[in-house]
Amino acid sequence: MNARIGLLVLSLALSITIGLVVAQGRAPAAAHSEIASPAGSVLIGLSLDTLKEARWQRDRDLMLARAHSQGADMLVQSANSDDARQIADVQALLTRRVNVLVLVPHDGTAMARAVAMAHDVGVPVIAYDRMIRDTDVDLYVSFDNVRVGELQAKYLVDHLPTPGKGRIVRIYGSKADNNAQLFKEGQDDVLKPYIDRHEIQVIQEDWADDWKPENAKKIVNAAISKHGTAIDGILASNDGTAGGAVQALSEEGLAGKVLVTGQDAELVACQRIVAGTQAMTVYKPLERLADSAIDLAVRLAKGRPVIARQSVSNGKFDVPSVLADVVVTTRDNMMDTVIHDGFLSRQDVYGGAR
């Protein structure tokens with residue numbers, strides 16, 4: 001390890017350790033821990049934005065299994081994409097005297113209040129998969145989401161009917177989700193030179209509120225109404241919005257003729273890839289991420305040091321971060337990625353192709 005990296009690791013480790021010392025020094029935190037775990041066990045609170053998407057159901061199940069294997073208990077709340085409800089969920093978890101809070105925010109800015117609430121009673125907070133902005137959140141565990149956007153855009157550029165040239169539609173995610181901003185940032189990094197040279201034309205772009213497929217469908221419908229069916233590619237920021245795009249294309253007889261991107265490796269998306277109506281997804285090994293989050297949550301709850309080798313700015317400071325890598329998945333490597341890892345079964349992917 002070179003000196004610069006070594007200093008960064010030491011600095012980040014110290015920042016987390018110092019944060020824990022301060023939190024544990026408060027009287028409310030001591031009482032909180034004593035009541036929550038009289039036998040020394042850890043109680044983890046998980047506050048989810050939603051469980052309406054298969055992706056988040058899988059995260060929940062993986063974290064529950066990992067917590068059980070670590071001898072920890074976990075309480076789970078889902079806010080159904082409602083900020084007020086998520087604040088109430090966090091308050092309920094804190095009232096149940098959790099030792100650490102794992103938070104998947106619906107709105108990354110609004111949930112700064114939840115972090116403050118947790119810190120007021122000495123509870124450390126892990127932002128899981130989505131950053132919580134403008135607050136002193138203790139740790140960020142996610143994938144490299146800028147990299148996700150880069151991979152999506154690079155695949156699209158390289159696989160357009162004429163590589164590097166064409167008319168595209170861009171579907172961003174929920175504007176309230178910091179990850180959607182990061183995906184866009186990565187996509188912009190790749191696309192800008194092509195757009196500046198007028199080799200790629202973005203004929204329609206918009207944000208899909210709450211990542212809803214029906215909102216993505218409306219964006220594609222609007223593009224077709226305004227510009228006709230001469231579309232070469234749709235840069236959809238996740239598999240849900242890709243599904244909405246494919247539905248709109250199907251209504252025009254264009255499904256399979258227009259390149260559509262995605263990410264999350266959801267089952268229905270992988271089935272679409274096999275069927276040829278979606279070109280790619282970005283596989284994010286959720287088990288590794290969920291396991292890492294729970295392992296780190298247990299360490300934070302017990303006051304043990306945590307080393308984060310990366311950091312991500314949340315607008316207030318550089319948050320110590322643990323970022324997992326991601327993999328482009330297509331029809332060509334489906335067997336070697338999601339199926340090889342046991343993320344999805346061969347029967348489910350190929351038996352239900354549509």
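Reader: What is the strand order in the open sheet of 4 strands, and which pairing does it have?
Author: In this predicted model, the open sheet runs E7-E6-E8-E9 with parallel pairing. Strands are DSSP runs of E with at least two residues, helices are runs of H or I with at least four, and both are numbered from the N terminus. Two strands pair if DSSP finds at least two bridges between them.

Reader: Which strands stand at the edges?
Author: Strand E7 (200-207) and strand E9 (259-260) do; each has a single partner strand, so one side of each lacks a neighbour in the sheet.

Reader: And how many bridges join E8 and E9?
Author: Strand E8 (residues 233-236) pairs with E9 in the parallel sense over 2 bridges. Ile234 stands opposite Val260 in E9.

Reader: Which helix packs on the sheet?
Author: Helix H8 (residues 213-227) does, touching strand E6 (166-172), E7 and E8; contact means heavy atoms within 4.5 Å. The direction of H8 makes about 140° with that of E7, where axes are lines fitted to C-alpha atoms, for helices over the stretch in contact, and angles run from 0 to 180 degrees between N-to-C directions.

Reader: Changing topic: which residues lie nearest the centre of the largest cavity?
Author: Trp56, Arg130, Trp211, Gln263 and Asp264, out of 13 lining residues. A cavity is a set of points on a 1 Å grid over the protein atoms alone where a 1.4 Å probe fits but cannot get out, and lining residues have an atom within 4 Å of a point.

Reader: What are the rules on numbering and confidence?
Author: Residues are numbered from 1 along each chain as its sequence is written. Local features need pLDDT of at least 70, side-chain atom pairs count only at pLDDT 80 or more, totals for chains, interfaces and linings use all residues, and side-chain values use heavy atoms, leaving out hydrogens and water.

Note on methods:
1 Å grid on protein atoms, 1.4 Å probe; cavity = no way out; pocket = protein on both sides within 12 Å on 5 of 7 lines; lining within 4 Å.
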